[in-house]
Amino acid sequence: MQILDISHNNLSGMLPHCLGNFSKDLSVLNLQRNQFHGTIPQTFLKGNYIRTLDFNGNQLEGLVPRSLNICRELEVLDLGNNKINHTFPHWLGALPKLQVLVLRSNHFHGQIGFSKIKSPIMSLRIIDLAHNDFEGHLPEMYLRSLKAVMNIDEGDMTRRYMGGTYYQDSTVVTIKRLEMEFVKILNTYTTIDLSCNKFQGEIPKCIGNLSSLRGLNLSHNYLTGHIPLSFRNLNMLESLDLSSNKLSGRIPQELTSLTFLEVLYLSQNLLTGFIPRGNQFETFENDSYYDNSGLCGFPLSKRCTTDEILKPSQEIEFEFESGFDWKIISMGCGCGLVIGLSLGCLIFLSGKPEWLVWIIDKNIHKKIVRNKRSTHRHGTRRS
């Protein structure tokens, strides 16, 4: 038996621990939307061919079995909507083919932090950790490793649905604040949902490298700082939700370049200044910005003053389009100052150099001659 799908029933009871013994031949095990309780089987056979494990929507508890790290063919792991009480299972980062990871609505907790694996979760395209108790900073190391969400040229890809010839994988994701079931998962779809946790600190700028990302939800956390300018590189982004955090500063004008953006939620933050205009920003309504007392301009009723419009951005990243930044200009000014002071000291110590005195005297003499000629002409005209 290669496929076992008993999803969307009303089956109950505990999962037999011997279930993992079938993994030698099994490729799909789909038990979602039942009433199973107890723990997930802790043993899976080495050399198994399991590609999909879907336990979403049950009442399973306990820990994520560490034996999953031997499931080298695993592409989809969906443990969402259960009662699992565990820290983030770092060992999943060693699975070379894992593309979909759903842990939403459980009791996961603690900091995600760093992984001992050099390049973890490189193949992940769909990540859903929402509605848990994760805390600490956003997992920058993992976000930097998402190669499957970087610079993907869909024109060179063969679009297909995940799964085999007779069976396609499915999953439930929240898109644009709507919970939707994908009965088939397109291999080009990408999304990250870390909402409704206890993450804090600034949003990592490296997220801007995920240029093939279509959905990003970081809402309902305790994030601070500015909206990164690097977000302007998220060319394929369709939905951005940063609401219900403590973000401050201005909304970057550069975000108007995101022409695929259909949904934007920045409400309930500490943002200030005028709301950018242009492209997709002309379509967003009040609910995208409400409860930011410092914001002004369309579509809000609060008008901007001249100071609010002209006030320069407080974003730290003062970066030119050509790639030069203020650091380079500062270095140039510093070098010029050092050279100028050095020449001044040299002139002072060596007395008046003859060549410099000659140049100055010559220029003074020219100016005196010009003034005399000008005075003579004016005097002749008056007479």
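Cys 196 lies in the loop between strand E15 and strand E16 (198-202); helices (H or I, at least four residues) and strands (E, at least two) are DSSP runs numbered from the N terminus. The model is a predicted one, in which local features need pLDDT of at least 70 and side-chain atom pairs count only at pLDDT 80 or more, whereas totals for chains, interfaces and linings use all residues. Residues are numbered from 1 along each chain as its sequence is written, and side-chain values use heavy atoms, with hydrogens and water left out.

Cys 196 is not a glycine, yet its phi is positive, at about 55 degrees. Its relative accessible area is 23%, so Cys 196 counts as partly exposed; buried means under 20% relative accessible area, exposed over 50%, and partly exposed in between (1.4 Å probe, protein chains only). Ser 105, in the loop between E9 and E10, also has a positive phi, near 55 degrees, in a residue other than glycine. Ser 105 counts as partly exposed because its relative accessibility is 23%.

The chain as a whole may now be considered. Its secondary structure comes to 4 helices and 23 strands. Of the 383 residues, 45% are buried. The accessible surface comes to about 20900 Å², and carbon and sulfur atoms account for 56% of that area; such areas come from the Shrake-Rupley method with a 1.4 Å probe, and for residues only the protein chains shown count as cover. Contacts (heavy atoms within 4.5 Å) can be sorted by separation along the sequence. Among those between residues at least 6 apart, 57% join residues at least 24 apart.

Strand pairing requires that DSSP finds at least two bridges between two strands. Strand E4 (residues 35-39) runs parallel to strand E6 (residues 59-62), the two being joined by 3 bridges, and His 37 stands opposite Gln 59 in E6. E6 also pairs with strand E8 (residues 83-84) in the parallel sense, over 2 bridges; here Gly 62 stands opposite Ile 84 in E8. In a regular strand the side chains alternate between the two faces of the sheet.

The nonpolar interior is described through its cores, a nonpolar core being a set of buried Ala, Val, Leu, Ile, Met, Phe, Trp, Tyr and Cys residues joined through side-chain atoms within 4.5 Å. The largest has 70 residues, of which Phe 231 and Tyr 289 touch the most other members. Leaving aside residues up to four places away in sequence, Phe 231 touches Ile 203, Ile 207, Leu 216, Leu 240, Leu 242, Leu 255 and Leu 258. A second, separate core of 10 residues includes Val 76, Val 102, Ile 185 and Tyr 189.

Charged pairs come next. Side chains of opposite charge can pair when their charged atoms come close. The whole structure contains 7 salt bridges, each defined as a side-chain nitrogen of Lys or Arg within 4 Å of a carboxyl oxygen of Asp or Glu. One joins Glu 140 to Arg 144, with the closest N and O atoms 2.7 Å apart. Both residues lie in helix H1 (residues 140-144), 4 residues apart, about one turn of the helix. Glu 140 is partly exposed because its relative accessible area is 33%, and Arg 144 is partly exposed because its value is 47%.

Arg 104 forms a salt bridge with Asp 128, the closest N and O atoms being 2.8 Å apart. This pair links distant parts of the chain, 24 residues apart: Arg 104 sits in the loop between strand E9 (100-102) and strand E10 (109-111), and Asp 128 in strand E11 (residues 126-128). Both Arg 104 and Asp 128 are buried.

A further salt bridge joins Arg 277 and Glu 282, with the closest N and O atoms 2.9 Å apart. Arg 277 is partly exposed because its relative accessible area is 44%; Glu 282, at 33% relative accessibility, is therefore also counted as partly exposed. Elsewhere, salt bridges that share partners join Arg 104, Asp 128 and Asp 193 into one network.

Asp 193 belongs to strand E15 (residues 191-193). Its relative accessibility is 4%, so Asp 193 counts as buried. Not counting residues up to four places away in sequence, Asp 193 touches several residues, including Arg 104, Asp 128, Thr 174 and Asn 217. The side chains of Asp 193 and Ser 195 are joined by a polar contact of 2.6 Å; a polar contact is a pair of N or O atoms within 3.5 Å, where within protein one must be able to donate a hydrogen and the other to accept it, and residues adjacent in sequence count only if both atoms are side-chain atoms.

One backbone feature remains. Phe 298 and Pro 299 are joined by a cis peptide bond, with omega about 5 degrees, and Pro 299 is found in the loop between strand E23 (294-296) and helix H2 (306-310).
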